[in-house]
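My notes follow, in the order I went through things.

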Amino acid sequence: MSAAIPRLRARPGAARRRSFARQLMIRPAGTGAAAFLVLLVLACAAAPLVSPYDPGAQHLADLLSGPAPHHLLGTDTLGRDVLSRLLYGGRRSLLSVAEGLAVVLALGVPLGLAAGYRGGGADRALSRGAEMVMAIPPIIIILVVLAVVPGNENAAMLVFGLLGAPAMLRVVRSATLKVREEPYVTAGRLSGLSPLHVVRGHVLPRVAGPVIVQGSIFAAYALLFETGLAYLGLTADANTPTWGGMVAEASTRIEQQEWLLFPSGALIAITILAFGLLGDAVRDAAAMEDTVPPPVRRRAFQRTAAGQGSPASGPEATPVADAALLSVRGLSVTRQEQAAQALVVDSVSFDVFPGETVGLVGESGCGKTVSALAVLRLLPGSLTVAGGQAQWAGRDLLQMPDRAFGHLRGSALAYVSQEPQSSLDPTFTVGSQLAEVIRRHDQVPRPAARARAADLLRQVELPDPTRAARAYPHELSGGMAQRVALALALAGRPQLLIADEPTTALDVTVQAEMLALLRRLQRETGMAILLITHDWGVVADICDRTIVMYAGQVVERGGAQDLFDRPLHPYTLGLLRSHPSLAHPGQPINALPGRVVPPGAWPSGCRFAPRCGFADDACRAGPVLLTEHSASRQARCLHTDQVVLDEVSAR
Amino acid sequence: MTSLIGRRLALSLPLLLIVPTVTFLLAALIPGDIARTILGADATQAQYEQLRQSLGLNEPLITRYLAWLGSALHGNLGTSLFWQQPVTSLLDSRLQVTLSLVVGSTAVAAVAGVVLGVMAALRAGAPGKIVDAIALTGLAVPNFFLGLLLITWFAVTLRLFPATGYVPVSLSPAGWLASIALPVITLAVPGIAVIAKQTRDAMREALDRPFIRTLRAAGVPGRSIIGKHALRNAAIPVVTVTGLIFIGSLSGTVLVEMVFALPGLGGLVVQATTQHDLPLIQGVAVYFTVAVIGVNLLVDLTYSWLDPRVRGS
């Protein structure tokens, strides 16, 4: 029975290894490196059979010849064939690497498994010991060895392996720690299997990847070291063919025959490179295997793009509003995904007028933040604006040269993000960050900037502005950090503040203070606010108008109060009903069923249809347009009448 | 700050004890007779006994160890068997060469690596590929081979630099610079590779952090975003790696000093190995360990200067 339990848990066994092998095979560098190493080992092992000459045979007629038909890689100072000496020398170098590697594996792997699997005191002792050994410069230790037993390369490489074992121990330990907590290992442990059994059957296969990576890194270093010692003449006499010794011999004749440097030197470099590439390929293959998502086929961009259908008529095509501060028309943003591009924001249009507060509402993943970042030209590298415009004082923000837009940053548009703490540079004081921004906008000397920084901190109602200015961001609470971020945004006296969920990360009491502060600042400065939120409480508290977004599109828009009283789109209705404080008394709170369809998987019809109680075949037939219902009220729904009826009957 | 230095020193002092202890034990435990090795096969039994006596080999291991440790604590690292001079004065006279190389190459590697790494982080195209190529070859080409290539090209063919030898800085600063240029570059190349890779990754990560967005939106210009805010936040892993590169260059300098025939600690210790001059090797071990401890301390101090959060904890 006990033996059966671990098998019940999905053990990523043979299938995992097959896909790992496949991951490895698709990396040409890794395959090439492995092939080269195999070939090299075979050639050196078969040196007595394949090498054209005896490595010691002197061809006195051909001293220091370059590559020639008789001597493909030339001859050395005594007329010995370079290729033959390389093959024989390789036996020694590769054996030395193998010796060192054997010590590393024999010590590092079991001790690392023990440290990682057992934990506790054994782990601490082993880790501390490993740390100590790793701090010792290896060359000195090896030279001591070679001083006592001159020329003994075996001793040198065994000790080198000893010094390399701690690095392996650490790698195996951390890999084991990770595997230890996985369900199938825990199950095996709990079901009473012997530790040896669990480690051999379940832990070891998963640790193998990191061991190969660390093993190839060590092999590269070991070869570097072995050839270095041979170069110094510490491990062999001048007659024994060694790679390092051949470089040393060539170095005495640089002025006569440079060529002699290259066969041995390049072969060492290529072999080290091969070890390195092999390690890289194994590491990348292991990383891919861990992160490859289940193979869900994403719809290609063309498909969704075809479904967006924004005809020339309708509100989307209305000309830019001249009175508006910011007038966004047909904004589309795409995300690069492996081969295809997925539409993330789909022809979004909205206006913000001077001094007003507009709420941009919707669940996470609807494209609210991306729309805002596109206007601010702060999109991360994976996202690009695919179309549309954002008019500001007669100019398109999206087309402006970088330099011109740079002048608008902070002074025309400002931005406050969701995470207060991480939105401040942790390595500079609050005062210094504020002063930098102020000096950029006001062009004042440092003392004046510092004074204004204190003013701004007072304006955002920080209790002790002088102390706050001296503080580092990690010394502030979330609420204080958000006030500082707000002060940074206000430093350039912006006309429009784009605030992305500015209260979400804060405590409820602090949220209320923050909203009150935003209201007060707006009253005092007259700036407009575009507020991204999913919280209807915030909308009710502060917004004049509201735009509701779903799956990359605007689905409804209107005056904030109007929207509360008479939602036209089923999504708005669903959002309102799922909000605890806004639900009608006596009615159960209805969480909106399902979740937002991710970009790339949008249906060609109404995107909300899969989650909508009103949806019928007409909704799924084709794209639904945003239509005007009354002055300043628009919704993207075929069944607005039913929505209204449903809302009325619910009261 | 002083307490931080004190704490770090307390942690690293055991290392100063461990390295000589390990070398001492190793020398004693490896099968092989140092007196026999020094004298060779032809020596008489009387010569052998006398050498053992003068080396103190007839004393028990623990007595020899404690005696060595006792005088080491008084700044006396013994007498070189070959040179018949105090180890410390031998090493001090050659310290300048090695310091020029390891400090110089670490500085070159740090500056070049950071510049290349930042370029690669900002532009995915050519600079990224250059960094990858340098990283691959820089790590794979053994420094003794690279040194010989540089000698071939820049000293023998182009005659821009002397091929070998050292000019003390007090004699001629320009000559000094020319004499260490090629060795420093040779020693710096692997470091450039490692630091550039680390800088690229750390910069990419830093540029993705939310505060970069906040500062940019507030109007902070691009050069300050990259050169001040992102770089400082990316610096900690880069400093860590630079410390490791310095420690690695202590091993590298042993070979590079031989390639360029420079009279430094590295060349001395190789010679000492062929002459079985254990006190001298142990002396170099102590000097290198002091350097390792010093650099680790410097790295820790840099952390606390770079990141206020380290200062607090």
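This is a predicted model: local features need pLDDT of at least 70, side-chain atom pairs count only at pLDDT 80 or more; totals for chains, interfaces and linings use all residues.

**Entry: a helix pair in chain A**

I started with helix α16 (residues 430-442) and helix α19 (residues 478-490) of chain A, whose axes come within 9 Å and cross at roughly 15°. Angles under 35 degrees count as roughly parallel, so I wrote α16(A) and α19(A) down as roughly parallel to each other. Their crossing is right-handed. Who touches whom? On the α16(A) side I found A:Val430, A:Gln433, A:Leu434 and A:Val437, and they meet A:Val484, A:Ala487 and A:Leu488 in α19(A).

**Entry: domains of chain A**

I checked the domain assignment next. It gives domain 1 as 20-54 + 73-288, domain 2 as 297-412 + 494-651 and domain 3 as 420-493. I then looked up the C-alpha centres of domain 1 and domain 2 of chain A, and they lie 58 Å apart.

**Entry: the four-stranded sheet**

This sheet of chain A is open, with the order β2-β1-β4-β5 and antiparallel pairing. Its edges are β2 (340-352) and β5 (395-396) of chain A; each has a single partner strand, so one side of each has no neighbour in the sheet. I counted two bridges between strand β4 (residues 383-392) of chain A and β5(A), which run antiparallel. A:Trp392 stands opposite A:Arg395 in β5(A). Helix α14 (residues 368-375) of chain A lies across β1 (326-337), β2 and β4 of chain A, at about 110° to β1(A).

**Entry: the eight-stranded sheet**

Which order do the eight strands take? I read β6-β7-β8-β3-β9-β10-β12-β11 in chain A, again an open sheet, with mixed pairing. β6 (413-416) and β11 (627-630) of chain A are the edge strands here, each with a single partner, so one side of each is left without a neighbour in the sheet. From one strand to the next the twist averages 20°.

I zoomed in on strand β7 (residues 496-500) and strand β8 (residues 528-533) of chain A: they run parallel, joined by five bridges. A:Ala499 has A:Leu531 in β8(A) as its bridge partner. α14(A) turned up again, packing on this sheet and touching β3 (357-361), β7, β8 and β9 (545-550) of chain A, with its direction at about 145° to that of β8(A). α19(A) packs on the sheet too, touching β6 and β7 of chain A, and its direction makes about 170° with that of β6(A).

I found 13 helices and zero strands in chain B. Its C-alpha atoms fill a box of roughly 85 × 55 × 40 Å along the principal axes.

Helix α7 (residues 143-157) and helix α10 (residues 222-259) of chain B have axes that come within 9 Å and cross at roughly 30°. The crossing of α7(B) and α10(B) is right-handed. B:Asn143, B:Phe144, B:Gly147 and B:Leu148 of α7(B) make the contact with B:Gly252, B:Leu255, B:Val256 and B:Val259 of α10(B).

Last, I looked up the interface: 59 residues of chain B are in contact with 62 residues of chain A. On the chain B side, α10(B) gives the largest share, ten residues. By class, that side has 40 nonpolar, 13 polar and six charged residues.

Key. Residues are numbered from 1 along each chain as its sequence is written. Chains are lettered from A and ligands numbered from 1 in the order in which they are written. Axes are lines fitted to C-alpha atoms, for helices over the stretch in contact, and angles run from 0 to 180 degrees between N-to-C directions. A crossing is left-handed if the near helix is turned anticlockwise from the far one by less than a right angle, and right-handed if clockwise. Two residues are in contact if their C-beta atoms, placed from the backbone, lie within 7 Å. Two strands pair if DSSP finds at least two bridges between them. Domain bounds come from an automatic or database domain assignment. Angles under 35 degrees count as roughly parallel, over 145 as roughly antiparallel, 65 to 115 as roughly perpendicular and the rest as oblique. Ala, Val, Leu, Ile, Met, Phe, Trp, Tyr, Cys and Pro count as nonpolar, Asp, Glu, Lys and Arg as charged, and the others, Gly among them, as polar.
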